[in-house]
Amino acid sequence: MDTLQALQDQLSNLQSELVIKQKELKDLQSDLLDIEHNPDQYADLDSQYDDFLDELYDDVCEALPVSITASELIREFDPVMYRCGFSDFIDQFDYSSLDCYTDKESEIEDVESEISDLESQIEDLENEIEDLENNE
């Protein structure tokens, strides 16, 4: 009977640990979604967009008699175009280029693996407990 009680206690501990890991997984997935929905909070997208414009239209601005970057020119003289382009830039932004995003993905994989291991251990213990109960 002591063995059965010890196994049941161990099962209870593993089930509690599983619940904690499942909550951790849910929180990490929520963090990942937050990065996807609010990438500008995790990266300086304004600067990245300006750099993109400057590289794309570098030749045009070099031909001008004044020293101005493409991003400055577009932001100043066509702010609607600038904002629309920025919105498109954000929509097409590659989240996987962010370290915080790939770190969260890695953490999620680790926690999913831990959950799988816990579920396997729980199943083994449940089978062992069932065998003991049937033999009594």
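Predicted model: local features only at pLDDT ≥ 70, side-chain atom pairs only at ≥ 80, totals over all residues.
Let's start with Leu53. You'll find Leu53 in helix H2, which covers residues 45-56. Is Leu53 buried or exposed? Leu53 is buried, because its relative accessible area is 5%, and buried means under 20%. Which residues does Leu53 touch, once we set aside neighbours within four places in sequence? The partners are Ala70, Ser71, Ile74 and Tyr82. Leu25, on the other hand, is 28 residues from Leu53 along the chain, and the C-alpha atoms of these two are separated by 38 Å.

Two of those partners, Ser71 and Ile74, bring us to a helix pair: they belong to the H4 side of the contact between H4 and H5. Helix H4, residues 70-77, packs against H5 at an angle of about 120°, and their axes are 5 Å apart. On the H4 side we also have Arg75, Glu76 and Phe77, while H5 brings in Pro79, Met81 and Tyr82. Sorted by class, this contact has 5 nonpolar, 1 polar and 2 charged residues.

Now for the largest nonpolar core, which has 28 residues. Leu45, Tyr49 and Leu98 are the ones that touch the most other members. Helices H1 (2-37), H2, H5 (79-91) and H6 (99-135) each give two or more residues to this core, and H1 supplies the largest share, with 9.

Finally, a look at Leu98 itself: not counting residues up to four places away in sequence, Leu98 touches Ile35, Tyr42, Ala43 and Phe93.

Key
Residues numbered from 1 in each chain as written. Heavy atoms only, no water. Helix = DSSP H or I, 4+ residues; strand = E, 2+ residues; numbered from the N terminus. Buried < 20%, exposed > 50% of the residue type's maximum accessible area, 1.4 Å probe, protein only. Contact = heavy atoms within 4.5 Å. Core = buried A, V, L, I, M, F, W, Y, C linked by side-chain atoms within 4.5 Å. Axes fitted to C-alpha atoms, helices over the stretch in contact; angles between N-to-C directions. Nonpolar A, V, L, I, M, F, W, Y, C, P; charged D, E, K, R; others polar.
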